[in-house]
Amino acid sequence: MDISVVIPLLNEDESLNELHDWIAKVMQSNRYSYEILFIDDGSTDNSWKVIENLSEKNESVKGIRFQKNYGKSQALNAGFKEVKGNVVITMDADLQDSPDEIPELYDLIIKDGFDLISGWKKKRYDSKIRKNIPSKLFNAAARKTSGLKLHDFNCGLKAYKNEVVKNVDVNGEMHRYIPVLAKNAGFNNIGEKVVIHQARKYGVTKFGIERFINGFLDLITIWFLSKFGKRPMHLFGLLGTIMMFIGFLFAFYLGIDKLFLNPEGRLITQRPQFYISLVTMMIGTQFFLAGFLGEIILRSKSDTKRYSISNKINL
Ligand SMILES: Nc1nc2c(ncn2[C@@H]2O[C@H](COP(=O)(O)OP(=O)(O)O)[C@@H](O)[C@H]2O)c(=O)[nH]1
Ligand SMILES: [Mg+2]
């Protein structure tokens, strides 16, 4: 199969028919073999009904329905597990992303050999204060920490080589950082394409300003995890050892001084070195323990179930 289109959605029943027809038209005119995988993340409107109807008309339409709302990352995760296409394209369901981009994205992956192409909504049709300005800040921070020179990490329109989606584990709210996850998984050929963006036609946006706060926290987590997640002892063990060493030096000095050099001097507990030694040794032990516990947790970690699916179509 050439292309899998993965569409995570929440309460988008007004857009789905139009979106489906548009994608189907693009696929047919380019003679791609394809599947469209809708992931309904606990919508409370008629989205699932619309998906069922579409799947009766078109057998390339597949669906996954979550029991309740688990978030976009879990939806993408469930979708990525099922996809069969050589190229996987993710797209928002609200018609803000244009299916006309699909052929070019496909060629960038297949002909130019990119692992991942991220869309860049250079000209954006969203609220300035709530979206555009915070988004600029957010992307600048993401560029700095990840070392990836992308302008628009959060763009829903992205194309992937199949192996990439099978090898990244998207969870929590990490869908914003799939390019970073891909890079950490060893896929370095990551590019960008300016894509057309449209104003929302139906419904309302599901993400507000809180996304940027969560986004920044996730950024710290991801940076930290990618640096030390697989070897916590390398950070905490090092810090702990340094601190304990400093504490030990001070204690050693105090001991020598008290025993041999200046037995008549101040009491040890009246000297600042004593407190420095005490504090560094205690904190050092804690760092060391944190690193050690981290290693143990990593070794005993098993795969936990993150969502439960209530329906599937054609899968
Ligand atoms: N699976 C899933 N998709 C969601 C959720 N919230 C929003 N979406 C979808 O993600 C896409 C982008 O959301 P949207 O509200 O348009 O964000 P905006 O374009 O940044 O304003 C749309 O297709 C939404 O239906 C969610 O909680 N779970
Ligand atoms: Mg949108």
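A residue is near a molecule or strand if its C-beta atom, placed from the backbone, lies within 6 Å of it. With that in hand, start at the ligand. Ligand 1 is surrounded by 18 residues. The closest are Pro 8, Asp 41, Ala 75, Ala 93 and Thr 205.

A word on the model before I go on. It is predicted, so local features need pLDDT of at least 70 and side-chain atom pairs count only at pLDDT 80 or more, while totals for chains, interfaces and linings use all residues. Residues are numbered from 1 along each chain as its sequence is written, and chains are lettered from A and ligands numbered from 1 in the order in which they are written.

Back to the shell. Helices (H or I, at least four residues) and strands (E, at least two) are DSSP runs, numbered from the N terminus.

Stay on S1 for a moment. Ser 4 lies in this strand. Is Ser 4 buried or exposed? Buried, because it has 25 C-beta neighbours inside 10 Å. The cut-offs: buried means 20 or more other C-beta atoms within 10 Å of the residue's own, exposed means 12 or fewer, and partly exposed is in between, with C-beta atoms placed from the backbone. Ser 4 touches Glu 35, Leu 37, Val 83, Lys 84, Gly 85 and Val 88, leaving out residues up to four places away in sequence. Contact means that the two C-beta atoms, placed from the backbone, lie within 7 Å. Ile 89 is 85 residues from Ser 4 in sequence, yet their C-alpha atoms are 6.1 Å apart.

Next, the loops. Asn 11 sits between S1 and helix H1, residues 13-29. Its phi is near 50 degrees, a positive value in a residue other than glycine. Asn 11 counts as buried because it has 20 C-beta neighbours inside 10 Å. Arg 31 lies in the loop between H1 and strand S2, residues 34-40. Phi of Arg 31 is also positive, near 55 degrees, again in a residue other than glycine. But Arg 31 is exposed, because 8 other C-beta atoms lie within 10 Å.

Ser 43 is buried, with 20 C-beta neighbours inside 10 Å. Which residues does Ser 43 touch, not counting those up to four places away in sequence? Leu 9, Leu 10, Asn 11 and Trp 48. Phe 66, 23 residues away in sequence from Ser 43, is 8.6 Å away, C-alpha to C-alpha.

Ser 310 touches Arg 65, Phe 66 and Gln 67, not counting residues up to four places away in sequence. Ser 310 and Arg 65 are 245 residues apart along the chain, with 5.7 Å between their C-alpha atoms. Ser 310 is exposed, with 12 other C-beta atoms within 10 Å.

Now a helix pair. H5 is residues 128-146 and H8 is residues 210-228. Their axes come within 11 Å and cross at roughly 0 degrees. Therefore H5 is roughly parallel to H8. Axes are lines fitted to C-alpha atoms, for helices over the stretch in contact, and angles run from 0 to 180 degrees between N-to-C directions. Under 35 degrees is roughly parallel, over 145 roughly antiparallel, 65 to 115 roughly perpendicular, and the rest oblique. H5 brings Pro 134, Phe 138, Ala 141, Ala 142 and Thr 145 to the contact; H8 brings Phe 212, Gly 215, Phe 216, Leu 219 and Trp 223. That is 8 nonpolar, 2 polar and no charged residues.

Finally, the domains. Domain 1 is 3-228 and domain 2 is 232-298, with bounds from an automatic or database domain assignment. Their centres, over C-alpha atoms, are 50 Å apart. Gln 273 is in helix H10, residues 272-300. Gln 273 is partly exposed, with 15 other C-beta atoms within 10 Å. Beyond four places in sequence, Gln 273 contacts Phe 250, Tyr 253 and Leu 254.

Methods
Nonpolar A, V, L, I, M, F, W, Y, C, P; charged D, E, K, R; others polar.
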